[in-house]
Amino acid sequence: MNKNDDREMGPKMASSVKQNLLDRMRNTHQSSERNRMARTEREVAPPVRRKQTRFEDLPEYKQVLTQKIAGEQLGIANPFYRAHQTAAGATTVIDGRKLINFASYDYLGLNKHPHVLSHARDAINTFGISASASRLVAGERPAHAELEERIAAFYGVEASVCFVSGYLTNVAAISCLMGPKDLVVHDEFIHNSALAGIKLSGATRRLFKHNDANDLEQVLRTVSGDYRHILVIVEGVYSMDGDVANLPAIMKLKSEYGFWLMVDEAHSLGILGKRGRGTFEHFGIDPTQVDIWMGTLSKTTSSCGGYIAGSAALAAVLKASAGGFVYSVGLAPALASSAIASLDILEQEPERSAALKRNGALFLKLAQEAGLDIGLSGGFSVVPVLIGDSLRAVQLSNDLLAAGINALPIIHPAVPEGLARLRFFITSEHTEEQIRHTVTLTAEKLKDLTERNFGLASVDIQQMMAMLAAR
């Protein structure tokens, strides 16, 4: 064989090796896909010719357009995406105006605390902005392990895992732990992120009436023994209604029916309990008896991301198998460090949680005295004022903004039509004067809108449909 043959064989051999590798990868992928299809018992339908749908024809877009046209008819400005020009806490600045702010999660006023900012700056100076990789391969930083250890110690459990998003935390954890042979039972008002995780998992889904342990038991009684695992999901403080899960009653059912229990602490950490440790401290429950503690880092801890806390085995499974952890970049070092610093303050200054409780109780009391419908709220981190009519809720938000108060509406489809509301996030930094002024103005502005019958009843349906068709 001459030199020319040698040169020609090199590329051929390289091509053959490459082709063999591709074939192996495809075979592995196809085998995995066949197994997945078998697990979900789906049949592959034959290909059909179909016309591509325009995004403009989607019912979801029509819904957005309908709301926009209804607002235009009544001259209602869009209250969403208001740009803040400073760090938002008990006050904020929008369009150059300083406002009383009830639309931010900074429950304990830590977003601009010197200790938190110092930790963030140190992390940026050392590690830059991004972890730059999944933690599994090259994105691990010392702050990640420290934060997970601190969260686990805070809950009194063995371990925790941090994710880059609170929403992703629910999606990744639920879809990792549950599968098509499993059952998830959840409160009817559970957060959308949990619903997304359930859907992704392929598990059977059942719901029970909001915060009703008796109805949960009725659901559990009807469950056959065919499911591999059963998971029950509740929230510590419900994000839309502000009431607290009846955890003692659910714990009794857990001992009888043998399910995993997951408690979403997004609006509970730093709020419930004498020292702000959350729902378990509020009720005096052993935290190790709850299988999965979930929470976010964007509220009390003034950072961004989420966490799961529980047993060491749970953490190991998630770190090995949860797609939202394995295939996502690690939490930014500055965010991890900020969350650690916030936990420092939460542990060292319990008076912040106490101040939040006083403010929440005051807001609730004044709202009730003013005749406002605060629904189910317990007066903790979230106090809704139920309006009913979505357009009226939007206009009330705009009227309050004009009067110097920033509070955002929650409207259909986030809540059912007829249950629209303004949602007030209470912080430890709000003053009594700010709370009294806000409640008084809210009651006055709502009374005016109600007396004028402002809302959906004022919309010209025929004109709106004509405008919708024209677009």
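This is a predicted model: local features need pLDDT of at least 70, side-chain atom pairs count only at pLDDT 80 or more; totals for chains, interfaces and linings use all residues.
Residues are numbered from 1 along each chain as its sequence is written, and side-chain values use heavy atoms, with hydrogens and water left out.

User: What volume does the largest pocket have?
Analyst: A pocket is an open set of points on a 1 Å grid over the protein atoms alone, where a 1.4 Å probe fits, with protein on both sides within 12 Å along at least five of seven lines; lining residues have an atom within 4 Å of a point. Points are joined across faces, edges and corners, and a volume is the space filled by probe spheres set on them. For the largest pocket, the volume is about 980 Å³.

User: Which element supplies the largest share of the lining of the largest pocket?
Analyst: Helices (H or I, at least four residues) and strands (E, at least two) are DSSP runs, numbered from the N terminus. At least two lining residues each come from α2 (59-74), α15 (390-402), β12 (408-410), β13 (420-425) and α17 (461-470). The largest share, nine residues, belongs to α2.

User: How many nonpolar residues are in the lining of the largest pocket?
Analyst: Ala, Val, Leu, Ile, Met, Phe, Trp, Tyr, Cys and Pro count as nonpolar, Asp, Glu, Lys and Arg as charged, and the others, Gly among them, as polar. The lining comprises 35 residues, with Gln67, Asn78, Phe80, Val394 and Ile411 nearest the pocket centre. Seven are polar and five charged, and the nonpolar residues number 23.

User: Is Ser390 buried or exposed?
Analyst: Ser390 lies in helix α15 and is in contact (heavy atoms within 4.5 Å) with Ile411, His412, Glu417 and Ala420, leaving aside neighbours within four places in sequence. Buried means under 20% relative accessible area, exposed over 50%, and partly exposed in between (1.4 Å probe, protein chains only). Because its relative accessibility is 6%, Ser390 counts as buried.

User: Which residues touch the most other members of the largest nonpolar core?
Analyst: A nonpolar core is a set of buried Ala, Val, Leu, Ile, Met, Phe, Trp, Tyr and Cys residues joined through side-chain atoms within 4.5 Å. The largest one has 89 residues, and its largest share, seven residues, comes from helix α13 (residues 333-348). The members that touch the most others are Leu147 and Leu261.
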